Amino acid sequence: MDKKNIEGKLDKLGGKIKEVGGVVSNDRDLEAEGKVDQLKGNVKEGLGNLREGIKNKLDDLDRDDKV
């Protein structure tokens with residue numbers, strides 16, 4: 001798992017907590033901030049998946065060169 005995947009999951013979790021806190025306390029700003037944090041988390045996870053895929057592909061190509 002890539003570092004960005006972990007960061008993304010943490011951002012999504014923190015964002016969900018903020019969103020729920022905003023809903024419970026009727027704080028629209030906090031709710032919106034939580035949704036933005038979740039979106040950032042999704043982007044980071046996507047980048048992590050992309051980086052991990054590229055790394056795996058490069059590793060596969062390196063193994064193919066050694067055969």
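K44 is partly exposed in this predicted model, with a relative accessible area of 25%. Its side chain forms a salt bridge with D11, and the closest N and O atoms are 2.9 Å apart. Because K44 lies in helix α2 and D11 in helix α1 (residues 3-25), the pair ties together parts that are 33 residues apart in sequence. D11 is likewise partly exposed, at 24% relative accessibility. Both residues belong to a network of salt bridges that links K3, K4, E7, D11 and K44.

The structure holds 15 salt bridges; three of them are set out below.

| Salt bridge | Closest N to O distance |
|---|---|
| K44 and D11 | 2.9 Å |
| E31 and K35 | 3.7 Å |

E31 and K35 are four residues apart in helix α2, a separation of about one helical turn. E31 counts as buried, at 14% relative accessibility, whereas K35 is partly exposed, with a relative accessible area of 45%. D59 and K55 are also four residues apart in helix α2 and thus separated by about one helical turn. Here D59 counts as partly exposed at 32% relative accessibility, and K55 counts as partly exposed at 49%.

Helix α2 (residues 28-66) also holds V43, a partly exposed residue with a relative accessible area of 49%. V43 forms a nonpolar surface patch together with L39, L47, L50, I54, L58 and L61. The accessible area of these residues together is about 660 Å².

Terms used. Residues numbered from 1 in each chain as written. Predicted model: local features only at pLDDT ≥ 70, side-chain atom pairs only at ≥ 80, totals over all residues. Heavy atoms only, no water. Patch = residues over 30% accessible without salt bridge, like charges linked within 9 Å, V, L, I, M, F, W, Y side chains within 5 Å. Areas by Shrake-Rupley, 256 points an atom, 1.4 Å probe, with all protein chains shown as cover. Salt bridge = Lys/Arg side-chain N within 4 Å of Asp/Glu carboxyl O. Helix = DSSP H or I, 4+ residues; strand = E, 2+ residues; numbered from the N terminus. Buried < 20%, exposed > 50% of the residue type's maximum accessible area, 1.4 Å probe, protein only.
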